[in-house]
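The following note is intended for a colleague who is meeting this structure for the first time. Please read the numbered points with the sequence and the model at hand.

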Amino acid sequence: MKRSIIIAALTALANINVSAQTETKNDSVDYNLNLNEVVVKSTAPKTRMKNGAMVTRIEGTVLESAGTAEEMLSRVPGMMRMGGQLQVIGKGTPIYYINGRKVQDTEELKRLKSHDIREVEVINSPGAAYDASTGAVVKIKTRRLRGEGLSGKLEANDAQALKSGNNNLSSSVNLNYRHAGVDIFGGATFQNDYLDHYTQRLEQNTYSTMSHTQTGTIESSQKFSRLHFNAGVNWQMDDYNFIGAKVERGIWLKNWYGFTMDEDILRNGVEEDHLLSVSDQDSENPNSFLVNAYYNGKIGSWGIDANVDYYSLCDKKTDHVTESAMSGSRSIESATENNSHMFASRLVADHRLWSGTLKFGGELTSVRRNNEYRINGVDNISDRFSKVTEQNYAAFAEYGVMIPRAGMLTLGLRYEHVAFNFDDLSDPSRSIERSHNDFFPSISFGTRIGLTQLQLSYGVKTTRPSYRDLRSEVEYGSKYTLQTGNPLLKNEIRHTLDLSGRWRYLSFVANYIHIKDAIYDWTTPYDDNGVVMIGMVNFDRPIDIFSSFLVISPTIGVWTTSNTIGVQKQWLSFNLDDPREATGKREVRYDKPMLIFNSDNAFRLRNNWQIELNSEFYSKAHYRNVRLLQHYWNLTAAIQKSLLKDKSLIVRLAFSDIFNTARHDALLDLGNYTLEQSDIFGGQRGQYSFHRINLSIRYSFNATKSKYKGQGAGADMKKRM
C-alpha cells in the first residue's frame, strides 16, 4: 500500500477520543470515535499471479472501456494479437471460458462487452484438468451485478475497408430477465460480410525431370450472412449452487465464395499453357446446434462441476469450376456433404485433502461423422464415401499443496483412451481401426521472492488432426492442383517447459517446446506434367521452439500502456528431394527468429472520452515451415465516447492499419516444390483487409447479468469438427 494509506490510518487514530476513566475495569472500555472523513487512495496492480495464471482486473480500469472482449483481450498482459488472431504469448490460440462455460463460437467474444468483465485469467500451462490438446486457457469472469427484472444490450457495428470492396456489418441484441435467483436469457446476432475482388499473387514451381512454373493471380470474392441464436435458463439455488441449460443455434443465410485464377504455365522457362479457372462455391447449410446442461456447486465439503453436451454440425458445399486452357475448356462439378454429431459429458470434483486440494474427474466424448464427396467432369478422380467414429475416455487427478516457506506445488496426471475407426465405404481396403492409450503428466511450482512471483511448469500435450485432415478423397482444385487428406496421420506430441514471473508492472514469459510428429500440409509433384498434390503429413524430424517475452504495463496518470517485447525462434531442417542438386538432395532450414514488439496505449480523458493508439510489429522470420518475407506492422487509432448519465451508450470510431502495412508475403520451400504468395493472412483471418474504418454503437439498459456457469464438454472434438 502507498504511504497515503498509512498516513490516513494514523490520522484516524489521532481523532479517536478515549473517554474512559483511569479506574475503568479492563473489561469495560468505552470509545467515542469521531471520524469526520478518511480518504484512502491506492494504485493496486491490475495484474497478479495466482496459481500459475496471470490474473488481470478489468473492472475499474481503462481496459473496461476497450469495447468488446475481443478488443480488450489483446491488451491483457500475457496475450497479444498476431496476424489478426488473438494468442497467448508463446502458446498460440487458446480455448476460452466465460464464467466456467466453454466458448464454442469465438464470435461470442465480439458479443461480450469489456465493461461487463470483472477479470481475465490467462493460463499458459494448463494442468491435467484440461483436455490434452489444450495449449493455453483464458478464463473470463463477468461482473456479478445485482438487480431484478429485464436488462439488455444492443449493438451495431460496421467496418469498411478503404482500398478494397470489403465490408463487415454486424448487429446483436441480448436480453436477460431475473427474478428470485432465476435468469432467463436469450440473444441473437446477425453478421453480414462482403468481400469484392481481393487479389493475391502466387508463383509455384515443381522440379522433376524438367521444371514447371505456375505464375499469376488469384482474385477472391465472398458473401456470407449468418444468424446466431442462444437461449437458456440459470437458477442460483443459493450462494454456492447453480444449475442451468442453454441452447445455441447457428444458421447461415448465405455462404458463397468465388475465385478466379489466372496463370501462365511454363515448362523449362518456356510458356506452355495459359489457364483461366473460375470457381463458384456455395455452401447450402453449414449450420450448427448445441445443447448444454450443467450443475456447478458444493455438496457438503465437495466441489462439483458437471456438464453434458450435444453438438451437431451439417455442412453441404457445391463447387462449379470452369477452366479454359490452350487445349480447350471443360466444366467440373463437385459436391461435399459432412454430417457430424457429438455427445460429451464431464464431471470434476474437488476436496480438501491433508494440507492441499485434490481435484479429479473424467470426461467421455463420442463422435460420429459421415462424409460424401461426388465429382463429375474429370476421369482420374472418383466419388468417395466414408464414415468416422471416435470414442474418447479420459480420467485425471491433480493435487496442489502449499509447502511452508517454499511455494505451491501442483502435480497432475491425465489418462486418455481414444478408439478411432475410419471406414472407407468406397474402398474398404483403405479403412483404418486403431486406438491410443496415453498418459499426460504435468507438474508446476510457484513461489514468491520478495515482490517477485515465479512459476515453473512442465507438461505433455497433444494435437489431434482435424476430421477434414483425416479424409481420404482427392479434391479437385484446378488442372494442376489436387488436394487430399491422410487417414494415417498420427497425433502430434508436445513437451513444454515454461517459466513465468511478475514484478510490479513487469511480466515475463519464457518457454521451450519440443514437438514430435508435427502435423503439416505438404505439397509434392503428382506427375511429370506439373500437377501437384497437397496433402497432410507428420514431420519425421522434431521441432524445437524457444520464445521469451517481456511485458511492461504501467499506468501513469491518464495513460495506461502495455508493451510486449519478445523473440521466438525455432529449429527445423529437412533433407529434401531436389533434382537440381548433383546429389538429388538439398537441406532446407527454417530457423530465422521472429522479433515482436506490440504496444497498446489508452488515454482516459475528462467527460468520458478515451483515445487509443495501438501498434503490432513482427519481423521477417521463419514460422513453422513458411518463410515470412517482409515485416508486418499494424498501427491503429481509436476514439471513444461514453454518453448518458450511466455511460450506457458508447460510440467508438477506429482507424486500423493506418499505413496499410499489415501483411506478410511468404515462401514455402519443400525441395522439389516452392510456392511464393502475397499477403498470406488474407484468406485466413476472415477480415481480408485491416486497412479500414470501424464504427460501433453500443447501448445497455438495467444492470442484471446472466449467471450461467456451464463449462461445456468435448471442447477438442468441437474444434476438430
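1. Surface and overall make-up. The accessible surface of the protein comes to about 33,400 Å², and 57% of this belongs to carbon and sulfur atoms (Shrake-Rupley method, 1.4 Å probe; for residues, only the protein chains shown count as cover). Of the 721 residues, 50% are buried (buried is under 20% relative accessible area, exposed is over 50%, and partly exposed lies in between). The protein has five helices and 44 strands (DSSP runs numbered from the N terminus: helices are H or I with at least four residues, strands are E with at least two).

2. Basis and confidence. This is a predicted model, in which local features need pLDDT of at least 70 and side-chain atom pairs count only at pLDDT 80 or more, whereas totals for chains, interfaces and linings use all residues. Residues are numbered from 1 along each chain as its sequence is written, and side-chain values use heavy atoms, with hydrogens and water left out. The mean pLDDT (the predictor's confidence in each residue, from 0 to 100) is 85, and 89% of the residues reach 70 or more. Residues 682-687 have pLDDT below 50, with 17 contacts in the model beyond near neighbours in sequence (contact means heavy atoms within 4.5 Å). Residues 703-707 are also below 50, with 28 such contacts. Where pLDDT is low, the predicted coordinates should not be read in detail.

3. Nonpolar cores. The largest nonpolar core has 23 residues, and M72, L73, V120 and I140 have the most contacts inside it (a core is a set of buried Ala, Val, Leu, Ile, Met, Phe, Trp, Tyr and Cys residues joined through side-chain atoms within 4.5 Å). Helix α2 (69-73) and strands β6 (85-88), β7 (95-98), β9 (117-123) and β10 (137-142) each supply at least two of its residues. Leaving aside neighbours within four places in sequence, L73 is in contact with residues including V120, V138 and I140. A second, separate core of 22 residues includes M261, Y520, I545 and L675.

4. Salt bridges. The whole structure contains 32 salt bridges (a side-chain nitrogen of Lys or Arg within 4 Å of a carboxyl oxygen of Asp or Glu). R652 pairs with E71, their closest N and O atoms being 3.8 Å apart. Because R652 lies in strand β41 (residues 649-656) and E71 in helix α2, this pair ties together parts that are 581 residues apart in sequence. R75 forms a salt bridge with E612 at 3.2 Å between the closest N and O atoms; R75 lies in the loop between α2 and β5 (79-82) and E612 in strand β37, so parts 537 residues apart in sequence are tied together. R75 counts as buried at 6% relative accessibility, and E612 is buried at 2%. E71, R75, E155, E612, R652 and R698 are linked in a network of salt bridges.

5. Which strands each supply at least two residues of the nonpolar patch? They are β37 (609-618) and β44 (692-701), and β44 gives the most, with three residues. The patch covers about 790 Å², and W609, I611 and L695 are among its residues (patch residues have over 30% relative accessible area and no salt bridge; like charges are joined within 9 Å, and nonpolar side chains, namely Val, Leu, Ile, Met, Phe, Trp and Tyr, within 5 Å). L695 is found in β44 and counts as partly exposed at 40% relative accessibility.

Terms used
Buried < 20%, exposed > 50% of the residue type's maximum accessible area, 1.4 Å probe, protein only.
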